[in-house]
Amino acid sequence: MTDFSGRKAIVTGATRGIGAAISRALLERGAIVIGVYGSDAAAAEQFREECAKLPGALHLHQCDVSDFAAVETFFDGVEKEFDTIDILVNNAGIRRDAIMAMMAKEDWQRVIDVNLTGGFNMSRFAVMLMLKQRYGRIIFITSPMAHLGFTGQANYAASKAGQIGMMKSLSRETAKRKITVNCVSPGFIETELISDLPEALAGEYKKLVPMKRFGNADEVAEAVLFLAGPGASYITGTVLEVTGGI
Ligand code: NAP
């Protein structure tokens, strides 16, 4: 098990679903986790209590990742309190599904703002800190929808494909400074994000998965921790799929 003692990690969407599993796994291995959540203060408080006895240290902050000014203020505080960071996991994400002919402009925009621009905002400031210390690990949580583009997900698929393009460019810009930038692409993972799927449709989707089941958030966290660890030092610009074979 990789030891993350003393490593400083920002995880967005840290208090629910996949982000909570990533944060917990980092805390179990001794990391300092600076967790960002969007609006669910009750979930954040519950997560804080759950993690109280873990070896690492958890610091939670409310910040809308789509808001450039709020992210800048958040990073000012991070730099003052922690000096620098080693790991950024761009995990915060939302869905607002509708077929394109019926998609509200606001639903298009909000998904792009949170999933894609949020990743830009966070990485933009994180990379400045990482460049100074000549070390860093940036991981985007994308989705196979980036290339599959299921019906009703034009906004989500575009945001996830955009993350892959952004990751590729950033990985080239930072490679010489020992900063790696990668994506993890989870398939169907049992979280609240997909809890609205009708049972029949969930059954159909499970049939599409060669492993014939949905994954769980801990299985995604394992892949993220691999890319976040020192052993992944020569891996950059890639997408690691955690999909049960889709
Ligand atoms: P989730 O359970 O719905 O959790 C989403 C998290 O994102 C929450 O912690 C939420 O914070 C946070 N968030 C949402 N909007 C935000 C904002 N504007 N600023 C800051 N934080 C914000 O979702 P999940 O299933 O864990 O998904 C996590 C990531 O994995 C997403 O990027 C998603 O696209 C990706 N993914 C998920 C699946 C899947 O099947 N579940 C598959 C592929 C990819 P609050 O709790 O405060 O609202």
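A residue is termed buried when its relative accessible area is under 20%, exposed when it is over 50%, and partly exposed in between, with a 1.4 Å probe and the protein chains only. The structure is a predicted model, in which local features need pLDDT of at least 70 and side-chain atom pairs count only at pLDDT 80 or more, while totals for chains, interfaces and linings use all residues. Residues are numbered from 1 along each chain as its sequence is written, and side-chain values use heavy atoms, with hydrogens and water left out.

By this criterion Ser-171, at 5% relative accessibility, counts as buried. Ser-171 belongs to helix H6, where helices (H or I, at least four residues) and strands (E, at least two) are DSSP runs numbered from the N terminus. The side chain of Ser-171 makes a polar contact at 2.7 Å with the backbone oxygen of Lys-168; such a contact is a pair of N or O atoms within 3.5 Å, and within protein one atom must be able to donate a hydrogen and the other to accept it, with residues adjacent in sequence counted only if both atoms are side-chain atoms.

Helix H1, which comprises the twelve residues 17–28, reaches 17 Å from its first C-alpha to its last, close to the 16 Å expected at 1.5 Å a residue, the expected span being 1.5 Å times one less than the number of residues. Nine of the twelve residues of H1 are buried, and the helix is thus mostly covered; among them are Ile-18, Ile-22, Leu-26 and Leu-27. Just after H1, Gly-30 adopts a positive phi of about 95 degrees.

Aromatic contacts were examined next. Two rings of Phe, Tyr or Trp (its six-membered ring) are paired if their centres lie within 6.5 Å, and a pair is stacked with planes under 30 degrees apart, edge-to-face over 60 and tilted for the rest. Seven aromatic pairs are found in a search of the whole structure. One of these, formed by Phe-75 and Phe-125, is stacked, with 5.9 Å centre to centre and 25 degrees between the planes. Because Phe-75 lies in helix H3 (residues 68–82) and Phe-125 in helix H4 (residues 105–133), this pair ties together parts that are 50 residues apart in sequence. Both Phe-75 and Phe-125 are buried. A stacked arrangement is also found for Phe-188 and Tyr-205, at 4.8 Å centre to centre and 15 degrees between the planes. Phe-188 is placed in the loop between strand E6 (179–186) and helix H7 (199–208), and Tyr-205 in helix H7, 17 residues apart, and the pair links distant parts of the chain. Phe-188 and Tyr-205 are both buried.

Arg-124 lies over the face of Phe-125, at 4.8 Å from the ring centre, a charge being taken to sit over a ring if NZ of Lys or CZ of Arg is within 6 Å of the ring centre and within 35 degrees of the ring normal. The charged end of Arg-7 likewise sits over the ring of Tyr-135, 4.5 Å from its centre.

The ligand is surrounded by 30 residues, and the closest are Arg-16, Ser-39, Asn-91, Tyr-156 and Thr-191; a residue is near a molecule if one of its heavy atoms lies within 4 Å of it. An N or O atom in the side chain of Arg-16 is 2.6 Å from an oxygen atom of the ligand. Taken alone the ligand exposes 900 Å², of which the protein buries 94%, with accessible areas from the Shrake-Rupley method with a 1.4 Å probe and, for residues, only the protein chains shown counted as cover.

Several loop residues complete the description. Arg-134, in the loop between H4 and strand E5 (136–141), has a positive phi near 55 degrees although it is a residue other than glycine, and at a relative accessible area of 47% Arg-134 is partly exposed. Lys-178, in the loop between H6 and E6, has a positive phi of about 60 degrees and is not a glycine; with a relative accessible area of 62%, Lys-178 is exposed. Met-102, in the loop between strand E4 (87–90) and H4, is exposed at 65%, and its C-alpha atom is separated by 9.2 Å from that of Gly-152, 50 residues apart along the chain.
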